[in-house]
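Please open the model in a viewer and keep the selection panel at hand.

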Protein chains: 4
Amino acid sequence: MQADDMFVVDDQGNVVEPPRSGCSSKLSECAPLFMSAYQLRNAGAVIHSHALEAVLATLLDEEYGTMEFRCTQLEMIKGIKGHGYYDDLEVPIIENTARESELTWSLRQAMEAFPKTYAVLVRRHGVYIWGDTWQQAKTQAECYHYLFSAVVEATKHDLRLDIGPQREPFRFFRNGVPRYRPGDA
Amino acid sequence: MQADDMFVVDDQGNVVEPPRSGCSSKLSECAPLFMSAYQLRNAGAVIHSHALEAVLATLLDEEYGTMEFRCTQLEMIKGIKGHGYYDDLEVPIIENTARESELTWSLRQAMEAFPKTYAVLVRRHGVYIWGDTWQQAKTQAECYHYLFSAVVEATKHDLRLDIGPQREPFRFFRNGVPRYRPGDA
Amino acid sequence: MQADDMFVVDDQGNVVEPPRSGCSSKLSECAPLFMSAYQLRNAGAVIHSHALEAVLATLLDEEYGTMEFRCTQLEMIKGIKGHGYYDDLEVPIIENTARESELTWSLRQAMEAFPKTYAVLVRRHGVYIWGDTWQQAKTQAECYHYLFSAVVEATKHDLRLDIGPQREPFRFFRNGVPRYRPGDA
Amino acid sequence: MQADDMFVVDDQGNVVEPPRSGCSSKLSECAPLFMSAYQLRNAGAVIHSHALEAVLATLLDEEYGTMEFRCTQLEMIKGIKGHGYYDDLEVPIIENTARESELTWSLRQAMEAFPKTYAVLVRRHGVYIWGDTWQQAKTQAECYHYLFSAVVEATKHDLRLDIGPQREPFRFFRNGVPRYRPGDA
């Protein structure tokens, strides 16, 4: 894909110039979603992904109706602007719809409700990730996908990453290795 | 592989022209299976895959004799022609045989019984996927493989994707997060 | 690596010619193991792999002292010379030793005891795979690794592939889908 | 990245020469950690990784406060200098901090306490791996990552690799296959 294959739209999302190359592609149905990030969050670029780890991240807690993905105390969280290691990283999850353009309202709601997020997950669908520049959108997309994978893989080991370490309070030794066990002194 | 390395067959599957390049390959034992998609479904191209996710998708429910793979409410379903997000995607599973050509009868049965499908899974073997054009065959193959992987991975988390979300009906809050729990008001 | 970087050995494994390129590498400690396949099985090439799926395949049943990897009724078994779909594919597992050259005796025992095999697994180590030609060694290595992965992945779903399908004998319908259930008529 | 893009520092970690290329990158916050390996272990190169298998390896036993990763009797252990197949490979795990430079004290403690290790894991963060040369750092990084993956994957099958094989003491036969079972004679 070259620059000449792209649509130019104004800040309301109206097409100002169709692809100069004359290619027959149509404007993405995601256009109003991309526009939301430009309008509400001053994004420089938006990335949309169907990566399986993003979809699985929306499914793990679906039966309880959990409305956000959450993790904390993972180094990679520092890759998301405004977040430190001890912060909770929260990514809102919106419900999917029959057509992508119908996601616009709830995507905008999520952007308003979670002012620190640079991503919105769509249940059973994928994720929208943006950044102040295309470079930041790309690095943040890498970090978010890593964190989705971390939580999905940890869940296979019955480990929770939505809360910090649940360390047992007292230490004992097993095979010469210091360990902790509840109730020990 | 070049065009000159291929066999040309007529609409009955008879070889009209062997490879012009003179290469010594023999006609694939899958030929009558490929022909079935051309004859019954007017396919423009057929792809055969042994991908592990396709094989695992046929094994998950094998003990109950389930005769089709099924999933619903996954965005990627929209990548299969004629399917929307809320549709059930059904892919028939036929039993494998000692020789590939012996699959022909049951493959054709499956094509007749599942008129909306563009794929037939073969238990413990793989999958045949077709499309109206080679481009559609390729994109549909990508979507089907993604969906097989999604179901296989979700099963590792004891999640079912053959039915829609089983949301608990009432909401409560845990750690400030809205959640749903059965029996709560 | 070029041809000039290799050692030439005679049929007893003695070095006839060191690397012509003058490179300083030493003869692989696997040499007597490779020689065993040339001497006992008339191999044209031998491949040694540490692939994790091979190592995991030797661990799944280790506590019971199982001495071979086994699978059946998987299409990919047909990729191993002399095997059909309904055959048991058996790959002997030998115990690892402190030094690779010490594996020679048990590798040769395994080759004698399993005349149909083209591979010997080494517990907690990897696998030796050979073929009549280098092309066959390569395709068989691909098939064996696929089969190791299939069994390892199936085990995550509590599915056994060392025996054929354990189909429940009677059929019933669930959600309009034909299924089988024990004790039903 | 070219040589001219790098910082040159003295043996106390002071910048002797900024990047000659004039690129605007800043000195890595890991610099004092890399320096620790040069100063205390005479390393020729240090590699820092956020690979998910390294992070998961620090999480598996976190609730018990286990302070090292441990595995034994895996062929790949021989890839770490000074280790044989039957040795315990121990990699200390230090707790992560808000800033990378704050890890320096505990990293140095770990290097002193585990004189045989060429790696230090950082909980929920990743791993530092070094070698006498950059080549050895690279091969050891490959081996360590393989071993982290092996333990993480084995854990999915409820297999422990931190202790050697727990073979049942008596043998019996099942389907003609020699097996062992406790209590059998």
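**The interface of chains C and D**

Select chain C and chain D together: about 2400 Å² is buried between them, with carbon and sulfur atoms giving 54% of that area. Buried area here is the accessible area (1.4 Å probe) that two parts lose on being put together, summed over both. The model is a predicted one, in which local features need pLDDT of at least 70 and side-chain atom pairs count only at pLDDT 80 or more, whereas totals for chains, interfaces and linings use all residues. Residues are numbered from 1 along each chain as its sequence is written, chains are lettered from A and ligands numbered from 1 in the order in which they are written, and side-chain values use heavy atoms, with hydrogens and water left out.

Next, display the residues in contact (heavy atoms within 4.5 Å): chain C contributes 28 residues and chain D 29 residues. One salt bridge is counted between chain C and chain D; the term denotes a side-chain nitrogen of Lys or Arg within 4 Å of a carboxyl oxygen of Asp or Glu. Select C:Lys156 and D:Glu153, which form a salt bridge whose closest N and O atoms are 2.9 Å apart. On the side of chain C that touches chain D, at least two residues each come from α2 (52–59), β4 (68–72) and α4 (134–156) of chain C. Helices (H or I, at least four residues) and strands (E, at least two) are DSSP runs, numbered from the N terminus. The element that gives the most to this side is α2(C), with four residues.

**The interface of chains A and B**

Move to chain A and chain B, where 30 residues of chain A are in contact with 30 residues of chain B. These two chains bury about 2400 Å² between them, 54% of it on carbon and sulfur atoms. Select A:Lys156 and B:Glu153: they form a salt bridge, with the closest N and O atoms 2.9 Å apart.

**Helix α4 of chain B**

Select residues 134–156 of chain B. At 1.5 Å a residue, the 23 residues of this helix, α4, should span 33 Å, and its end C-alpha atoms are 33 Å apart, which agrees. The expected span is 1.5 Å times one less than the number of residues. Of the 23 residues of α4(B), 17 are buried, so the helix is largely enclosed by the rest of the structure. Buried means under 20% relative accessible area, exposed over 50%, and partly exposed in between (1.4 Å probe, protein chains only). Just after α4(B), select B:Asp158, which takes a positive phi of about 60°.

**Salt bridges within chains**

Over all chains, the structure holds 46 salt bridges. Select B:Arg124 and B:Glu62, which form a salt bridge with the closest N and O atoms 2.7 Å apart. This pair links distant parts of the chain, 62 residues apart: B:Arg124 is in the loop between β6 (119–122) and β7 (126–131) of chain B, and B:Glu62 is in the loop between α2 (52–59) and β4 (68–72) of chain B. B:Arg124 counts as buried at 2% relative accessibility, and B:Glu62 counts as buried at 6%.

In chain A, select A:Glu75 and A:Lys78, whose side chains meet in a salt bridge (2.9 Å, N to O). A:Glu75 is buried, with a relative accessible area of 6%, whereas A:Lys78 counts as partly exposed at 29%.
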